[in-house]
Amino acid sequence: MALDAQKNTGFTQVGTRPNRPDGLDKVTGRARFGADVTAPGMLFATIVRSPHAHARIKKIDTSKAEALAGVKGVVTRADFASGLTGENWNVLENVMADDTALYDGHAVAAVAATSALIARDAAKLVEVEYEILPHVTDVDAAMAEDAPVIRAGTADKSVPEGLHPNVVRYHESGHGDVDAGFAEADLVIEDHFRTEATHQGYIEPHACLATLGGDGKGELWCCTQGHWNVQKICAALLGIETANLRVTASEIGGGFGGKTAVFIEPVALALARKTNKPVKLVMPRADVFKATGPTASTSMDIKIGMKKDGTITAAKGVFRLQGGAFPGAPMEFTAMCAFAPYALKNVHQVGYDVIANRPKQAAYRAPGSPMAAFAVESVIDELCNQLGLDPIETRLKNASKKGTKASFGPMFDQIGLVETLEAAKAHPHYSAPLKPGQGRGISCGFWFNHGGETAVTLALSEDGTAQLAVGTPDIGGSRASMALMAAEELGIPYENIRVTIADTATLGYNEVSHGSRVTYASGLATIQAARDAVRKLCARAAAKWGIPEDAVKWENGCAVPSGPNAGDFDPLPIDQITRRMGATGGPIVGHFEATPEGAGVSFATHIVDAEVDPDTGKTSVVRYTVVQDAGKAIHPTYVEGQYQGGAAQGIGWALNEEYIYGADGRLQNAVFLDYRIPVASDLPMIDTVIVEVPNPGHPYGVRGVGETSICPPLAAIANAVSAAAGVRLRELPMSPPRILAALDRQRDG
């Protein structure tokens with residue numbers, strides 16, 4: 001599964017830009033998304049949610065709702081499995097509250113009725129008696145000595161003694177002697193940064209259709225980034241055998257990590273079991289904001305020492321993340337990503353996972369890393385400003401490269417950070433003049449990437465075309481990438497490959513589409529499955545010619561003798577072999593199942609120009625350039641799209657997007673009118689530069705690209721805005737009121 005150096009230089013189809021195979025379905029409306037599926041006699045469901053940030057549930061009376069004409073069933077926590085532990089218990093507690101509602105929007109009951117309107121009316125008739133409890137929504141306040149205890153006894157053994165019970169996990173890593181390193185520095189800057197929680201902002205709300213009969217067998221159709229994960233969790237929460245639940249992934253109208261979690265599917269299944277009818281459940285937008293996973297909010301302290309020549313002598317970071325009322329805030333990722341771009345002799349990072357009265361956080365493109373980059377890269381920018389150093393040259397001087405001991409432990413293999421910095425320095429954007437009132441920002445970013453359990457099947461048809469079954473939902477153009485890699489190996493046209501997202505009953509277990517793993521892991525599996533099929537094709541040709549199998553090789557879609565001693569035979573095209581496969585041994589199918597572990601890390605460098613109006617605080621991003629290492633761009637158009645998408649979402653996160661909670665602990669902006677994601681008029685044209693430093697752990701050198709692109713934007717934009725405004729911004733989003741307040745503080749000294 002290592003890099004195939006010979007193949008890496010001789011591509012014929014990989015690296016081209018064909019149309020996406022699912023494009024026609026998408027533009028004509030033929031593609032079916034989560035809410036598009038129906039079933040005869042299906043019911044419609046609505047979830048009853050707590051209006052309080054923290055409250056004990058003293059009593060639930062569903063009798064009035066059940067008496068309403070058209071209502072067929074109501075479920076509460078009692079309708080789910082008991083005795084669950086660990087993560088399954090945490091998921092169930094979030095899916096349906098037990099004795100305590102832990103955040104505004106926490107599910108407490110659900111209703112199924114013959115129409116969506118009746119279901120909504122019935123939900124209003126469910127009577128819940130609450131005892132309101134003290135709440136806390138801020139990460140620092142949740143760690144304070146006088147903070148209310150949200151869930152006693154949930155901290156794991158990693159947490160040091162003496163911390164508040166709301167601190168549930170702890171991380172510490174690093175190497176060297178940071179105190180000695182700071183003593184060597186000519187300048188040390190220590191600063192504090194905060195970011196608010198943001199939502200992934202996918203356009204399609206969560207939706208599913210469920211059936212579950214008295215025999216314990218069920219079907220589930222849902223919009224998800226990982227239907228095997230849905231199957232496993234739902235089976236546990238419903239107390240049924242995993243194989244008795246078949247899950248099919250619909251097309252997905254955006255996920256970005258937010259659809260890796262399970263929120264509504266077990267509720268629909270519980271209602272289906274209770275009513276013995278298909279149940280459809282679609283989340284209203286307000287419920288999406290209130291009860292599905294946003295990012296964590298953060299409070300961070302960064303200290304970095306630097307010599308006059310730009311050498312970083314030491315770095316230290318403390319990262320506090322709240323991930324809602326459940327353990328799981330990605331503080332270890334934040335801590336480990338923070339200083340990863342730099343080769344440091346002395347580094348130390350600490351992370352705290354803090355629970356608060358907010359919804360359970362979910363992944364959002366490189367969870368935890370963008371916040372770390374914002375804090376660290378802001379301090380590096382300030383060090384460069386005060387020492388009069390070039391920001392790219394300084395980063396090049398300290399950049400991680402092959403053989404660097406990462407801040408979190410291992411040695412880096414071949415990586416492309418230096419190449420992205422050099423490409424950024426050479427780009428016309430970096431030397432372009434700025435207008436008055438504008439500032440330029442630079443930032444690097446890092447993400448780990450991931451492999452994960454993967455299974456693929458490639459079946460050849462009698463006419464020489466191929467059908468590829470993969471288990472990773474297509475959230476970023478992966479069908480096209482898989483088809484290109486299969487076509488490359490088989491030597492047949494891209495159009496002759498049909499890629500299908502298999503359901504849980506027709507393929508081996510596949511991990512979720514997350515961690516920038518799909519093009520790497522499913523792509524690697526596709527290549528190996530195609531090579532498995534090619535070996536079988538060559539064996540059929542060898543049998544036909546009466547020569548050993550190792551005397552046949554595959555070239556340009558044909559079996560050919562491997563050398564002059566193998567005999568003189570004309571090339572045997574794929575369709576001539578497959579049309580007779582029934583008579584020569586049966587179907588030809590390539591398989592591959594593994595957990596590949598050579599994903600290879602990824603780096604990016606972003607350049608941003610921003611303009612700030614000092615009278616209103618309004619910020620405009622006027623120019624943006626993304627430079628990122630893709631390892632090998634299988635379909636360059638989709639790679640560029642991932643780069644641009646990360647930058648666009650980063651612009652929203654940096655300037656506008658945030659969860660706003662009132663003093664009562666309730667979410668104040670649970671609709672897109674009040675939670676403002678960027679629209680076209682907010683965005684500049686985003687230039688992209690694809691750097692290709694091959695990943696040694698993939699036959700074609702592929703690195704994941706979907707997450708690294710959102711790591712540098714927060715810092716790059718903050719550095720640009722700070723330069724334009726003439727004052728350092730340390731809190732995100734940098735909304736006009738925050739910018740004006742910073743300008744006022746500066747004027748007041």
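This is a predicted model: local features need pLDDT of at least 70, side-chain atom pairs count only at pLDDT 80 or more; totals for chains, interfaces and linings use all residues.
## Secondary structure and overall dimensions

Across the protein chain there are 21 helices and 27 strands. The chain is as compact as a globular protein of its length, because its radius of gyration of 27 Å is close to the 27 Å that the globule rule gives for 749 residues. The C-alpha trace spans about 90 × 75 × 50 Å along the principal axes.

## Burial and contacts

How much of the protein chain counts as buried? Of its 749 residues, 61% do, where buried stands for under 20% relative accessible area.

Among contacts in the protein chain with a separation of 6 or more, 79% are between residues 24 or more positions apart.

## Surface and charge

The protein chain has an accessible surface of about 27,900 Å². Carbon and sulfur atoms contribute 50% of that surface.

The protein chain carries 68 positive and 84 negative charges. The mean position of the positive charges and that of the negative charges are 3 Å apart.

Terms used
Residues are numbered from 1 along each chain as its sequence is written. Side-chain values use heavy atoms; hydrogens and water are left out. Helices (H or I, at least four residues) and strands (E, at least two) are DSSP runs, numbered from the N terminus. The radius of gyration is taken over C-alpha atoms; the globule rule is 2.2 Å times the number of residues to the power 0.38. Buried means under 20% relative accessible area, exposed over 50%, partly exposed in between (1.4 Å probe, protein chains only). Contact means heavy atoms within 4.5 Å. Accessible areas come from the Shrake-Rupley method with a 1.4 Å probe; for residues, only the protein chains shown count as cover. Lys and Arg count as positive and Asp and Glu as negative; His and the chain ends are not counted. The place of a charge is taken as NZ of Lys, CZ of Arg, CG of Asp or CD of Glu.
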